[in-house]
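Look over the sequence and the structure below. The report then takes the fold, the core, the chain contacts and a few local details in turn.

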Amino acid sequence: MSSVVHTAQSVGNPALNIGIFALFVAVTLGIVIKVASGKKTAAEYYTGGAAFSGRQNGIAIAGDYLSAASFLGIAGAIALQGYDGFLYSIGFLVAWLVALLLVAELMRNTGRFTMADVLSFRLRQRPVRIAAATSALAVSFFYLLAQMAGAGGLVSLLLGLDGRVAQYIVIAVVGVVMIGYVMIGGMKGTTWVQMIKAVLLIAATFIITVWTLGKFGFDFSTLLQAAVDRSPEGSKMLDPGLRYGKNGTTKLDFISLGLALVLGTAGLPHVLIRFYTVPTSKQARKSVEWAIWLIGGFYLLTLVVGYGAAALVGPERIKAAPGAANSAAPLLAYELGGSPLLGIISGIAFATILAVVAGLTITTSATFAHDIYNQVIRRGEATPGEEVRVARMAALVGGVVAIVGGILAYGQNIAFLVALAFAVAASANLPTILYSLFWKRFNTRGALWSIYGGLGSTLILILFSPVVSGKPADPKTGLSTSMITNPAIDFHWFPLDNPGIVSIPLAFFLGWLGSVTSKEYNAAKYAEMEVRSLTGAGAHNQALEH
Amino acid sequence: MAPSAPAENGREYGEAGSHGYEAVQNSDEFQDLRRRFRGFVFPWTAFFLVWYFLYVILAAYFPAFMSTKLFGNINVGLVFGLLQFVTTFGITILYVRWADREFDPRAEAIRDRVLGTPGNPTAPGGERP
């Protein structure tokens, strides 16, 4: 490898990058240990005792949601594909209105710890809990892979480690620290990590945005012109269609993606579980309100960061860097503020991954311990102490899965993996959530058909999509850009990368069909669920319990 | 025993025993609350979904329109995209204001009746799901 390529592989000062990250870990671990002192009840482990305020939870939601895909992925997509990258962020934001208007408050009033609490409320407990837990674990798993894949990609750029083994070690370190947060701090500790990370991420992005705009006399139009001049795509950078406008299939793919993005958020288990960390539905509403302001504001900043990276760093350098598109934002930071700013951004990018992975891990551990272990295996007989012990073990196992998955998923496209998680959430979770909250006639068969139908169809369509096999070979490398890089292996028959346009309507249809073909209907439980969901009567409020 | 204290199965508070909830559900006040809630959230959900997909479809199928320059390098697509932010923020403000002023007082009144203990919005205990 020539020395020129070598210098391009790591920018900045790796020791500084590691130092800032280590500082973040030390400070947050200290806080986690401080807030998490004392013995923990199940309620404290899963929901932090439901004692967070709406504003705190809103900031934590932003910390949970603004993942590596948002920060690095969207900025990179805008830098390379211009306007089409911006489309992602709009779907990610508008989706919050589904959560605000239809889901957050009603979920808060009806459930206690997990998504399955609500879905199984008026249906047959065991089968619905198993189904809901299965799809919750599936969504969290894909989301987790995306984050860990992102961590691997960052390492090579930021720490100057281009050996595979060194990258795997860093992924393992991220995993171990995250397990520490979750096992020691439970939901309370995790929430604090997410809040700190959200504030740091938004503040740093704000500084980069102002700095970038300052270079262009605070004229956004001039910035766009500079991005156009630098990009090989020229003025197409400003127009939709660079990525999705090629032909009829890509356009349909884009509609399909848009559907999954807007309907997926309110079905993400790690987002739903956050609504249980506040005491009332009013605070849940406030949480989403804060989250919308922070997330929306952040995406507006990424528009400047993305075009700024195109203008100041240039697409060639971004593409040549390890991590490609994902390195746009860190490279812009280096261009503006040299090694110190790059160090700060790198530290925050790692913190981002750490906080999101911790949120996912606590969700999977709650799903496993509360839904599968207690309700299904022990038929609700486990003591809270036993449940927490199992949850901690599940967090440990989840962390190991995250580390192994991160190593295996290394090199996969982060934005794609996140889009896949959204597709499963929108197909398998959201139809059942909406039906059980709003449709009187809904019943167990409808829920099972919708969850398994949505989950199964999404996975099958992905397996037989061009994402897994059959994309044309890259003329330079001779390798297909599908997951299976051998161009001779091609078993795809579904034309789209994104399955949502088929799987989401199918899951809604199956939920309807299953319900109308089954006679089951529990009027008393429906009355209880509806009254509770709208009025908050009988809602669980652990903060007042002790 | 206070009327809000949970019974053995942890489900019955005040008038809301297993039949109590159905009585509450059938009451005029609750029907009115539900009508108001759905009357607000369903039309706004329909609006933002239509508005969002209008944007998505324009971006996918009418790129020429979206590429129309308005001033400088600012084109229709960028303004349309930013308008999605504006409507999202706007609907959020409208909903929160409506819920605080119109919805919460009515929901609280019914809740107090269900629980039988005014001023205590959240009964202890309750069913473990």
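## Burial and overall form

A residue counts as buried if 20 or more other C-beta atoms lie within 10 Å of its own. By that cut-off, buried residues make up 66% of the 546 residues in chain A. The model is predicted.

Chain A has 20 helices and zero strands. Its radius of gyration is 23 Å, close to the 24 Å that the globule rule gives for 546 residues, so chain A is as compact as a globular protein of that length. Along the principal axes, the C-alpha atoms of chain A fill a box of roughly 70 × 55 × 45 Å. Take the contacts in chain A with a separation of 6 or more: residues 24 or more positions apart account for 82% of them.

## Confidence

The average pLDDT of chain A is 86, and 93% of the residues score at least 70. Helix H19 (residues 500-516) of chain A has the highest confidence, at a mean of 96. Helix H1 (residues 3-9) of chain A has the lowest, at a mean of 38.

One is residues 1-9, for which the model has six contacts beyond four places in sequence. The other is residues 542-546, with eleven such contacts. Where pLDDT is low, the predicted coordinates should not be read in detail.

## The nonpolar core

The largest nonpolar core holds 225 residues. Which of them touch the most other members? They are Ile295(A), Ala309(A) and Ala421(A). Helix H15 (residues 328-377) of chain A gives the most to this core, with 26 residues.

Ile295(A) touches Ala62(A), Tyr65(A), Leu66(A), Leu93(A) and Trp96(A), leaving aside residues up to four places away in sequence. As a general point, nonpolar side chains tend to be buried together in soluble globular proteins.

## Where chain A meets chain B

In the model, 51 residues of chain A are in contact with 51 residues of chain B. Five elements of chain A give two or more residues to its side of this contact: helix H6 (83-110), helix H10 (220-230), helix H11 (248-264), helix H13 (281-312) and helix H20 (523-535). H6(A) gives the most, with ten residues. The residues on this side of chain A divide into 28 nonpolar, 13 polar and ten charged.

## One side of H10

Which residues of H10(A) are buried? They are Leu223(A), Leu224(A), Ala227(A) and Arg230(A). These residues cover an arc of only 130° around the axis, which puts them on the same side of H10(A). An α-helix has 3.6 residues a turn, so residues three or four places apart point the same way. The cover over the buried residues of H10(A) includes H9 and H13 of chain A.

## Two residues with positive phi

Ala50(A) is not a glycine, yet it has a positive phi of about 50°. Ala50(A) sits in the loop between helix H3 (42-47) and helix H4 (54-65) of chain A. Is Ala50(A) buried or exposed? Ala50(A) counts as buried, because it has 28 C-beta neighbours inside 10 Å.

Phe218(A) is not a glycine either, and its phi is positive at about 55°. Its place is in the loop between helix H9 (164-215) and H10 of chain A. Phe218(A) has 11 C-beta neighbours inside 10 Å, so it counts as exposed.

Methods: Residues are numbered from 1 along each chain as its sequence is written. Chains are lettered from A and ligands numbered from 1 in the order in which they are written. This is a predicted model: local features need pLDDT of at least 70, side-chain atom pairs count only at pLDDT 80 or more; totals for chains, interfaces and linings use all residues. Two residues are in contact if their C-beta atoms, placed from the backbone, lie within 7 Å. Helices (H or I, at least four residues) and strands (E, at least two) are DSSP runs, numbered from the N terminus. Ala, Val, Leu, Ile, Met, Phe, Trp, Tyr, Cys and Pro count as nonpolar, Asp, Glu, Lys and Arg as charged, and the others, Gly among them, as polar. A nonpolar core is a set of buried Ala, Val, Leu, Ile, Met, Phe, Trp, Tyr and Cys residues joined through C-beta atoms within 7 Å. A residue is buried if 20 or more other C-beta atoms lie within 10 Å of its own, exposed if 12 or fewer, and partly exposed in between; C-beta atoms are placed from the backbone. The radius of gyration is taken over C-alpha atoms; the globule rule is 2.2 Å times the number of residues to the power 0.38. pLDDT is the predictor's confidence in each residue, from 0 to 100. The arc is that of the directions from the helix axis to the C-beta atoms.
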